[in-house]
Amino acid sequence: MSRWIPCKRRDFVKKLRWLGFDGAFSGTRHQFMVYGECRLTIPSNDEYSVPQLRMMIGEVEVILEREITLEEWNSL
């Protein structure tokens, strides 16, 4: 059984590109990625903890209007 593990920032951005996001673009304080007209702020941490990762994936699910399973996330 797979479980959530911390994720490097570089890997997170790469997986978002696979999901159709464009970027990462420089913002005022943080970089951001764009999907259509939606903007997702990317924190500047080198590695994201599991709670932070789950929160950001929740935001991605709202933008994409679909659920992202653990298996799908790990296969990207």
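In this predicted model, Glu 71 has a relative accessibility of 51% and therefore counts as exposed, since the exposed class begins over 50%. Glu 71 belongs to helix H3, which covers residues 70-75. Although Glu 71 and Trp 4 are separated by 67 residues in sequence, their C-alpha atoms lie 9.8 Å apart in space.

The strands form an open sheet of three members in the order S2-S3-S4, and their pairing is antiparallel. From one strand to the next, the twist averages 30°. In general, the strands of a sheet pair through backbone hydrogen bonds, in either a parallel or an antiparallel manner. Strand S3 (residues 31-35) is joined to S4 by five bridges, with the two strands running antiparallel, and Met 33 has Leu 40 in S4 as its bridge partner.

Two helices were found to pack on this sheet. Helix H1 (residues 9-18) touches S2, S3 and S4, and its direction makes about 165° with that of S4. Helix H2 (residues 50-64) touches S3 and S4, and the direction of helix H2 makes about 170° with that of S4.

With regard to cysteines, the structure contains zero disulfides. Cys 7 has a relative accessible area of 7% and is therefore buried, as the buried class lies under 20%, whereas Cys 38, at 35% relative accessibility, counts as partly exposed.

Definitions and conventions:
Residues are numbered from 1 along each chain as its sequence is written. This is a predicted model: local features need pLDDT of at least 70, side-chain atom pairs count only at pLDDT 80 or more; totals for chains, interfaces and linings use all residues. Side-chain values use heavy atoms; hydrogens and water are left out. Helices (H or I, at least four residues) and strands (E, at least two) are DSSP runs, numbered from the N terminus. Buried means under 20% relative accessible area, exposed over 50%, partly exposed in between (1.4 Å probe, protein chains only). A disulfide is a pair of cysteine sulfur atoms within 2.5 Å. Two strands pair if DSSP finds at least two bridges between them. Axes are lines fitted to C-alpha atoms, for helices over the stretch in contact, and angles run from 0 to 180 degrees between N-to-C directions. Contact means heavy atoms within 4.5 Å.
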